[in-house]
Amino acid sequence: MLAPPLLVSFSSVDEYLSAFPLELREQYEVEIRTLLDNGLPPIVSSQCLGLLFGFSTKFINAMCSKNHKYYREFSIKKGKKKRKIQAPKVALKVIQKWFGFHLSHALTYENYVYGFVPGRSAVDAAQRHCSSKWVYSVDIRDFFPSTNQAIIKDTLSTLGYSEKACNLIVPLCCYRDNLAQGAPSSPVLSNLVMKPLDQQLFTLSDEYNITFTRYADDIVFSGTNDFPEALSRRVKECFNETCWDLAPSKEYFADNNNGQRLKVHGLLVHGDNPRLTKGYRNKIRAYKHLINTGAANKEDKLRLIGHIMYSDSVDSKSE
């Protein structure tokens, strides 16, 4: 089990409700049963959530009102840049993991969404763009940190969560006023709030008869016909009324007709299957040599093995 069960330590909803004081049961029973019928985590109030996890109401409310105090913030290197990570402390992480896991399995995902979806990967997303003549992609700048509480509240309410429930869930899953870069609930919430924009982008791709995928903050279009000159402008217009901005430095266009290599998520896609670049293959050979000769230290070994496993997953698409 990747996370606590939907009712944590209770064997049934009746057992859970029987632990409530009568007044609370009368107030929340219908709401709890409705959420559970839809496979959704039954967060309705701090008292009810505290009962599920054995936390006091005071502690739950403290995590909501001063959520930033329940994170450890640090930076990690990502290429030449550094990314700030907000890692939730244990109690908060348990709730976030439970909520994110069950919400993720309660949702349905369109076939153009690949990031943070069980059973889908960046390699699968790249596969969709193989044999194209051109590729155009954009990247959302600071995706999680720019996803604010207001849009999360509005979106959760469409699932059937009450205003009171939303006012509890959102601060529990945010760092200050935005999605936390490091909370286990952030990936599924990002997919949830992106649904309306995803639909806009898919409608645009359908109009031009081209392929569209989104992997987290990376939005990719490709086609076998001529590149529609208005596509870039129209994609950017879709973001005008949102909380997100596009990163100008991450905008990418390549046309195979001009002899350019087409890349999606770092993989070559001008062919029937996604392929590693020559430079990455050379790195994999070096990584294998380091591991086989015992030259890799313990700290680096897991990272190198991760790269090799990724390489194998890409190669398996060609078999």
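Author: Of the 319 residues in the protein, 46% are buried, where buried means under 20% relative accessible area, exposed over 50% and partly exposed in between, with a 1.4 Å probe and protein chains only. This is a predicted model, in which local features need pLDDT of at least 70 and side-chain atom pairs count only at pLDDT 80 or more, while totals for chains, interfaces and linings use all residues. Residues are numbered from 1 along each chain as its sequence is written, and side-chain values use heavy atoms, with hydrogens and water left out.

Reader: How many helices and strands does the protein have?

Author: There are twelve helices and ten strands; helices (H or I, at least four residues) and strands (E, at least two) are DSSP runs, numbered from the N terminus.

Reader: How is a pair of packed helices described?

Author: In general, one gives the angle between the two axes and the distance between them. Axes are lines fitted to C-alpha atoms, for helices over the stretch in contact, and angles run from 0 to 180 degrees between N-to-C directions. Here, the axes of H7 (residues 149–158) and H8 (residues 163–173) come within 10 Å and cross at roughly 135°. H7 and H8 are therefore oblique to each other, given that angles under 35 degrees count as roughly parallel, over 145 as roughly antiparallel, 65 to 115 as roughly perpendicular and the rest as oblique.

Reader: Which residues make the contact between H7 and H8?

Author: Contact means heavy atoms within 4.5 Å. H7 contributes Gln 149, Ile 152, Lys 153, Leu 156 and Ser 157, and H8 contributes Cys 166, Asn 167, Ile 169, Val 170 and Pro 171.

Reader: In what order do the four strands of the open sheet lie?

Author: Two strands pair if DSSP finds at least two bridges between them. The order is E6-E7-E3-E8, with antiparallel pairing. E6 (211–215) and E8 (252–255) are the edge strands, each with a single partner strand, so one side of each is left without a neighbour in the sheet. Neighbouring strands are turned by 15° against each other on average, direction ignored.

Reader: How many bridges join E3 to E7, and which helices pack on the sheet?

Author: Six bridges join E3 (residues 134–139) to E7 (residues 218–223); Asp 139 has Asp 218 in E7 as its bridge partner. Helix H9 (residues 186–208) packs on the sheet and touches E6 and E7, its direction making about 165° with that of E6. Helix H10 (residues 231–238) also packs on the sheet, touching E3 and E7, with its direction at about 25° to that of E3.
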